[in-house]
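Subject: Handover of a structure, with notes

Dear colleague,

I am passing on the structure below and would be glad if you could read the notes that follow beside it.

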Amino acid sequence: MSLSSRLGIGFMRVLAPLPLPLVRGFSRILGRVLHTIAVPRRRVVDRNLALCFPEKSEAERRAIARETFVFVAQSWLDRSWLWHAPEKVVASRLKIVGSESEIREIAEGDAPMILFAPHFYGLDAAATALTMHTARPSATIYTTQRDPMVDAWIREGRTRFGDVAALNRVDGIKPVLSGLRKGGLLYLLPDMDFGRDQTIFVPFYGVQAATVPSLSRFARLGKAKVVPVVAKLTPGGYEIEVKSAWQNFPSDDVEADTALMNKRLQGYIDAMPSQYYWVHRRFKTRPDGEPKIY
């Protein structure tokens with residue numbers, strides 16, 4: 001347990017009771033500083049935006065990049081109150097909107113459901129909001145952190161409300177499918193580059209991207225409906241949009257399903273491009289014979 005981890009978590013506890021405008025204001029300053037000094041990560045963002053939005057001007061992409069670093073900082077420091085503030089405060093800052101039938105089923109239903117939660121910066125807020133409003137068992141797939149103290153802090157934060165299981169990525173599919181078959185919810189974030197193992201290459205903004213086909217496979221094996229959940233930072237906290245369930249999904253073609261997932265994700269991103277997780281090296285893994293992108 002490092003001193004820096006203790007200090008960092010202590011700092012988040014200190015931030016938790018502060019007014020949201022103050023936390024967000026500090027985060028905005030921090031985000032602008034990060035955009036200036038975090039040069040390697042800024043280059044990743046710039047490369048991603050150039051690949052995905054070639055039709056935008058360089059000035060437009062720079063503006064998105066500056067905003068995305070602000071959202072990085074704001075979403076990270078917002079975990080202070082998400083994970084430490086009183087439940088009433090947390091609830092007052094999270095607004096669920098969208099499909100009333102799907103929202104009601106999340107809260108009260110008993111059929112297997114996968115919540116497709118792409119990597120927008122509000123993904124932790126969305127998970128918190130939904131688990132606060134349901135007694136249904138739910139699960140999320142979790143990557144263990146190197147520092148045990150940080151790992152425990154994040155795990156406790158993400159399982160703070162509701163009946164939530166944080167499943168380790170290395171545990172495989174058995175606990176995932178077991179939860180779905182018992183009528184649970186699965187909060188799934190499959191839109192990152194997890195390397196070459198168990199991934200397929202499908203287009204993402206016209207670029208071949210290593211993509212985990214778990215959404216299609218889990219939906220088929222767990223006989224679950226897929227409901228997209230998109231989280232948006234707002235001045236008052238977060239707006240969590242629950243969209244209508246995808247029809248005729250999954251199909252018998254895993255590759256086609258995964259390509260469709262990326263295509264629909266592009267539509268969600270286009271609506272608020274600076275709130276997507278561009279700091280991730282989404283195109284790190286390349287098809288055989290293709291040059292590195294970063």
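For the residue classes used here, Ala, Val, Leu, Ile, Met, Phe, Trp, Tyr, Cys and Pro count as nonpolar, Asp, Glu, Lys and Arg as charged, and the others, Gly among them, as polar. By these classes, the lining of the second largest pocket holds 10 nonpolar, 4 polar and 2 charged residues.

Before going further, please note that this is a predicted model, in which local features need pLDDT of at least 70 and side-chain atom pairs count only at pLDDT 80 or more, while totals for chains, interfaces and linings use all residues. Residues are numbered from 1 along each chain as its sequence is written, and side-chain values use heavy atoms, with hydrogens and water left out.

**Pocket and cavity**

Both terms come from a 1 Å grid over the protein atoms alone: a cavity is a set of points where a 1.4 Å probe fits but cannot get out, a pocket is an open set with protein on both sides within 12 Å along at least five of seven lines, and lining residues have an atom within 4 Å of a point. Grid points are joined across faces, edges and corners, and a volume is the space filled by probe spheres set on the points.

The second largest pocket has a volume of about 210 Å³. It is lined by 16 residues, of which Pro137, Ser138, Ala139, Pro175 and Gly179 are the closest to its centre. Two or more lining residues come from each of β3 (137-142), β4 (163-168), α9 (174-181) and β5 (185-188), where helices (H or I, at least four residues) and strands (E, at least two) are DSSP runs numbered from the N terminus. The element that gives the most to this lining is α9, with 5 residues.

The count of cavities of 30 Å³ or more comes to 1, and the largest cavity contains about 40 Å³ of space. Its lining is made up of His119, Asp191, Met192, Tyr276, Tyr277, His280 and Arg282, which divide into 3 nonpolar, 2 polar and 2 charged residues.

**Aromatic rings**

Rings of Phe, Tyr and Trp (its six-membered ring) are taken as a pair if their centres lie within 6.5 Å, with planes under 30 degrees apart called stacked, over 60 edge-to-face and the rest tilted. The whole structure has 15 aromatic pairs. One of them is the edge-to-face pair of Phe53 and Trp278, at 5.7 Å centre to centre and 75° between the planes. Because Phe53 lies in the loop between α3 (39-52) and α4 (58-84) and Trp278 in the segment after α11 (254-271), this pair ties together parts that are 225 residues apart in sequence. Phe53 and Trp278 are both buried, a word that stands for under 20% relative accessible area, as against exposed for over 50% and partly exposed in between (1.4 Å probe, protein chains only).

Trp278 also forms a tilted pair with Tyr205, at 6.4 Å centre to centre and 55° between the planes. Tyr205 and Trp278 are 73 residues apart, with Tyr205 in the loop between β6 (200-204) and β7 (207-211). Ring pairs link Phe53, Phe120, Phe204, Tyr205, Tyr276, Trp278 and Phe283 into a cluster.

A charge is said to sit over a ring if NZ of Lys or CZ of Arg is within 6 Å of the ring centre and within 35 degrees of the ring normal. The charged end of Arg282 sits in this way over the ring of Phe204, 5.6 Å from its centre, and Arg93 lies over the face of Trp81, at 4.9 Å from the ring centre.

Tyr205 has a positive phi of about 55° although it is not a glycine, and it counts as buried at 14% relative accessibility. Asn248, with phi near 55°, is by contrast exposed, with a relative accessible area of 76%. Asn248 is placed in the loop between β9 and α11, and Pro250 is found in the loop between β9 (237-242) and α11. The peptide bond from Phe249 to Pro250 is cis, with omega near 5°.

Ser216, in helix α10 (residues 214-221), is buried at a relative accessible area of 1%. Leaving out residues up to four places away in sequence, Ser216 touches Phe249, Pro250, Val254 and Asp257, a contact being heavy atoms within 4.5 Å.

With best regards
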